Amino acid sequence: MGAQSTPQGVVAGSIPLFAGHPAHELLPISSVRPLVDAIWSQPDVLRLFNYGNEQGNRQLIDFLAARLQRSENLPICRENLMIIGGSTWGVDMITHHLAAPGDTIMVDAPSYRDALHIFRDARLDVQSIAINAGGVIVDDMDRRLRDLASRQRSPKFYYVVPNFQNPTGITLGTERRQAIVDLSKKYGFVIVEDDVYRDIRFVDDLPPSFYALSRGEKVLRLGTFSKTLAPGLRIGWLIGHADAVKRFVSSGMLRMGGGANPFTAAIVADFCSSGRWEKHVAWLRNQYRLRRDCALAALDAAMPRSAHWTRPEGGYFIWLRLPENLTVDELEAQAKAHNVYFASGKGFFVHPEDGAHHVRLSFSYVPLEDLESGIATLGQLIKGARRSRRH
Ligand SMILES: Cc1ncc(COP(=O)(O)O)c(C=O)c1O
């Protein structure tokens with residue numbers, strides 16, 4: 001693969017187990033191409049090369065509203081939705097609108113690294129709450145909220161990836177979601193639900209979303225086409241209370257720049273309305289399930305008993321805990337020498353040392369044979385480190 005065709009950060013010829021991108025062969029370019037040609041030959045195509053309407057592509061908004069009503073029975077109408085340039089845009093926009101430098105917010109420990117970067121850029125006080133196999137530990141959140149309240153502080157929002165979390169692959173259980181909705185009412189914070197992996201699920205059902213549990217009160221939910229179509233199109237959506245959406249839509253940025261990416265939004269709208277997206281999502285789920293199964297089988301075969309990992313039911317990631325006597329820095333240096341790259345656990349914590357024994361493995365990008373051999377190499381290195389310590 002040439003340097004031109006490798007995505008962000010991937011060293012040509014390496015095994016990039018860090019890459020949280022869709023594999024090139026999973027991008028539906030052959031079915032998108034005819035849609036682009038058709039759009040190009042429309043008489044009013046020039047409209048798409050101009051500024052768009054601030055709320056975003058209407059056809060896409062109506063499609064998403066109908067899908068959310070149908071699949072989750074959500075009371076959603078046009079006023080609750082807007083098109084954004086990917087979920088990242090949404091996290092940045094929400095941060096900007098809801099919090100000012102020095103304000104407190106809450107995140108999981110660990111949490112999505114690039115969101116932590118956005119919060120750091122905004123100079124927020126980021127409180128991280130530990131998670132376990134069922135997601136964030138609600139008692140810890142409750143204790144932290146009481147402690148903050150005793151110091152006259154209350155978080156502006158709680159940022160969470162509820163389904164197949166990045167980086168752990170863990171899904172937050174229903175009871176905990178309900179308890180967090182109750183805490184949000186008690187303490188007055190907004191829940192920012194970054195639900196980018198919802199459609200990459202290998203199980204039939206998911207717990208109800210925060211948005212569903214709260215009937216849309218004090219919840220902003222983000223979705224994206226990056227995981228189920230193509231990240232390069234930069235199209236996602238935000239769902240929220242009509243007043244919140246109105247506020248975002250009339251923000252300076254959208255007034256000045258028009259709605260998100262009118263040309264690519266038109267392509268995505270046609271892809272969805274023609275039924276191609278649902279078919280593609282169904283196909284993708286099988287493809288990613290195969291990759292997840294392959295990665296788990298490789299871990300079962302390669303790792304010593306002192307290593308532990310999650311078994312995600314969707315998404316892109318597996319979270320590996322190294323034996324206590326091996327740090328992620330040591331493993332990273334050795335793996336690099338073998339041309340295997342992974343995401344160090346340290347990047348996903350507000351306090352990086354909390355991730356000193358963790359690795360995020362992504363099964364979304366590399367071919368199956370590289371998944372197997374990359375994980376086998378890591379297994380050998382981990383076992384080798386244990387042996388050399390013993391001698
Ligand atoms: C939790 C989470 N949010 C957002 C994104 C980025 O989404 P988008 O491409 O829509 O900005 C990712 C991608 O890795 C992610 O894992």
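A residue counts as buried if 20 or more other C-beta atoms, placed from the backbone, lie within 10 Å of its own. By that rule, buried residues make up 46% of the 391 residues in the protein. The model is predicted: local features need pLDDT of at least 70, side-chain atom pairs count only at pLDDT 80 or more, and totals for chains, interfaces and linings use all residues. Numbering runs from 1 along each chain as its sequence is written.

Start with the overall form. The radius of gyration, taken over C-alpha atoms, is 21 Å, which agrees with the value near 21 Å for a compact globule of 391 residues. The globule rule is 2.2 Å times the number of residues to the power 0.38. Along the principal axes, the C-alpha atoms fill a box of roughly 70 × 55 × 35 Å.

Next, the secondary structure. The protein has 13 helices and 14 strands. These are DSSP runs, numbered from the N terminus: helices are H or I with at least four residues, strands E with at least two.

H5 (residues 138–150) packs on H6 (residues 174–187) at about 10°, with axes 10 Å apart. Axes are lines fitted to C-alpha atoms over the stretch in contact, and angles run from 0 to 180 degrees between N-to-C directions. The pair is therefore roughly parallel, a term for angles under 35 degrees. H5 contributes Val138, Met141, Asp142 and Leu145 to the contact, and H6 contributes Arg176, Ala179, Ile180, Leu183 and Tyr187. Contact requires C-beta atoms, placed from the backbone, within 7 Å.

Key:
Angles under 35 degrees count as roughly parallel, over 145 as roughly antiparallel, 65 to 115 as roughly perpendicular and the rest as oblique. Two residues are in contact if their C-beta atoms, placed from the backbone, lie within 7 Å. A residue is buried if 20 or more other C-beta atoms lie within 10 Å of its own, exposed if 12 or fewer, and partly exposed in between; C-beta atoms are placed from the backbone.
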